Amino acid sequence: MAAKAKSNTKRDRNRARQQARKDAIQQVRAKERAVSLEDLDHPIKVTDSTFDMEVLDSEVPVLVDFWASWCGPCKALAPSLEQLAKVYAGKLKIVKYNTEENRRVAGQMNIRSLPTMVLFDQGEVADVQMGAIPYGRLDAWVRRRLEPKQPLLKRLFGGGKKEAAQAS
């Protein structure tokens, strides 16, 4: 009986230690995640351990830039992403994922070309853009994805009867 009681208390202590570790990890992740929407005026760095929280669980759409330090086009794209982050601050989160330091997510997403930009909306892939593109095309690509969809007839013919009556 005494041996059984000892093993139960030892097991309980191990469970308590494991729970304490999990709690400590969650606190660290919460601090890393504590980026308010107003602070999103510049790209932020994500890793394998922070990807789910910053991207998949984000309240706003997220543009993920998969890059590497040796990639020339990635370096050329960086100023455009900085500018885009300022323009869409609070509406879009831009994150940078270094494929040299982190491999799990890039492997899962089958990223084979750099730079690759993946736009996530509500945790789902909304669109993918490969290669460095000029700021104007990058902005148009993001804007197309962020703007709410209008019905086809409204896009083709404008507002409709009410707006036509107001115009005359």
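Is Tyr97 buried or exposed, at 0% relative accessibility? In this predicted model, Tyr97 counts as buried because its relative accessibility of 0% falls under the 20% limit.

**Figure 1. Edge-to-face pairing of Phe51 and Tyr97.** The structure holds 3 aromatic pairs, and one of them joins Phe51 to Tyr97. The ring centres are 6.1 Å apart, with 80 degrees between the planes. Phe51 belongs to helix H2 (residues 51-56) and Tyr97 to strand E3, so the contact ties together parts that are 46 residues apart in sequence. Phe51 counts as buried at 3% relative accessibility, and Tyr97 counts as buried at 0%.

**Figure 2. The aromatic cluster that includes Phe51 and Tyr97.**

**Figure 3. Salt bridge between Lys96 and Asp65.** The closest N and O atoms of Lys96 and Asp65 are 2.7 Å apart.

**Figure 4. Lys96 over the face of Trp67.** Lys96, which forms the salt bridge with Asp65, also lies over the face of Trp67. The distance from Lys96 to the ring centre is 5.2 Å.

**Figure 5. Salt bridge between Asp127 and Arg145.** Side chains of opposite charge can pair when their charged atoms come close. Asp127 and Arg145 meet in a salt bridge with an N to O distance of 3.5 Å. Because Asp127 lies in strand E5 (residues 124-130) and Arg145 in helix H5 (residues 135-146), the pair ties together parts that are 18 residues apart in sequence. Asp127 counts as partly exposed at 24% relative accessibility, and Arg145 is partly exposed with a relative accessible area of 33%.

**Figure 6. Salt bridge between Lys45 and Glu101.** A search of the whole structure finds 6 salt bridges, including the one between Lys45 and Glu101. The closest N and O atoms of this pair are 3.5 Å apart. Lys45 is in strand E1 (residues 44-46), whereas Glu101 is in the loop between strand E3 (93-98) and helix H4 (104-108). The pair links distant parts of the chain, 56 residues apart. Both Lys45 and Glu101 are exposed.

Notes
Residues are numbered from 1 along each chain as its sequence is written. This is a predicted model: local features need pLDDT of at least 70, side-chain atom pairs count only at pLDDT 80 or more; totals for chains, interfaces and linings use all residues. Side-chain values use heavy atoms; hydrogens and water are left out. A salt bridge is a side-chain nitrogen of Lys or Arg within 4 Å of a carboxyl oxygen of Asp or Glu. Helices (H or I, at least four residues) and strands (E, at least two) are DSSP runs, numbered from the N terminus. Buried means under 20% relative accessible area, exposed over 50%, partly exposed in between (1.4 Å probe, protein chains only). Rings of Phe, Tyr and Trp (its six-membered ring) pair if their centres lie within 6.5 Å; planes under 30 degrees apart count as stacked, over 60 as edge-to-face and the rest as tilted. A charge sits over a ring if NZ of Lys or CZ of Arg is within 6 Å of the ring centre and within 35 degrees of the ring normal.
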